[in-house]
Amino acid sequence: MQNKRVPMRMCTGCNEHKPKRELVRVVRSPEGEIFLDLTGKKSGRGAYVCNNIDCLKKARKSKRIERAFSCEIPEAVYDRLEEEMAKGE
Ligand SMILES: [Zn+2]
């Protein structure tokens, strides 16, 4: 049985709500750096995406992470996020 108090977050790729720990946090640090926060403990604004590259690609296409951070994300940053995600899988 699932604990009802498990924090849920929405994936910016598939738009599904999932337990936070099943998602990967994408962080925009106060310095404006964007990276995957695999520990979930980095400070900054966060957006969530499922731990798979397809959802990250969907989020990239729909620009939902950019909307969550209200900033533009350069292609090179997305490429790096996808690389990090591929490594972590
Ligand atoms: Zn997803």
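Mentor: Two strands count as paired if DSSP finds at least two bridges between them, and strands (E, at least two residues) and helices (H or I, at least four) are DSSP runs numbered from the N terminus. What you see above is a predicted model, where local features need pLDDT of at least 70 and side-chain atom pairs count only at pLDDT 80 or more, while totals for chains, interfaces and linings use all residues. Residues are numbered from 1 along each chain as its sequence is written, and side-chain values use heavy atoms, leaving out hydrogens and water.

Trainee: Thanks! Which residue in β4 stands opposite Arg 28?

Mentor: Let's start with the strands themselves. β3 covers residues 23-28 and runs antiparallel to β4, with four bridges joining the two. Val 27 faces Phe 35 across this pairing. Opposite Arg 28, you will find Ile 34.

Trainee: How many of the six residues of β3 are buried?

Mentor: Buried means under 20% relative accessible area, exposed over 50%, and partly exposed in between (1.4 Å probe, protein chains only). β3 is largely enclosed by the rest of the structure, because the number of its six residues that are buried is five.

Trainee: Which residue in the turn of the β3-β4 hairpin has a positive phi?

Mentor: Five residues lie between the two strands of this hairpin. Glu 31 is found in that loop, and at 67% relative accessibility Glu 31 counts as exposed. The residue in the turn with a positive phi, of about 90 degrees, is Gly 32.

Trainee: What is the geometry of the zinc site?

Mentor: The zinc ion is coordinated at 2.3 Å by the SG atoms of Cys 11, Cys 14, Cys 50 and Cys 55. (Donors are N, O and S atoms within 2.8 Å of the metal, or 3.2 Å for Na, K and Ca; water is not among the atoms, so sites may look incomplete.) Four donors count as tetrahedral if all angles lie between 85 and 135 degrees. Here the angles among the four donor atoms are 103 to 113 degrees, so the site is tetrahedral.

Trainee: How many residues apart in sequence are the parts tied together by Cys 14 and Cys 55?

Mentor: Cys 14 lies in the loop between β1 (8-10) and β2 (17-19), whereas Cys 55 lies in helix α1, residues 53-62. Cys 14 is partly exposed at 24% relative accessibility, and Cys 55 is buried at 5%. The parts that this pair ties together are apart in sequence by 41 residues.

Trainee: Which residues do salt bridges that share partners join into one network?

Mentor: A salt bridge is a side-chain nitrogen of Lys or Arg within 4 Å of a carboxyl oxygen of Asp or Glu. Arg 60, buried at 19%, forms one with Glu 75 at 2.8 Å and another with Asp 79 at 3.1 Å. Arg 60 lies in helix α1 and Asp 79 in helix α3, so their pair ties together parts 19 residues apart in sequence. The network is made of Arg 60, Glu 75, Asp 79 and Glu 82.

Conventions:
Four donors count as tetrahedral if all angles lie between 85 and 135 degrees; four count as square planar and six as octahedral if opposite donors are over 155 degrees apart and all others between 65 and 115; anything else is irregular.
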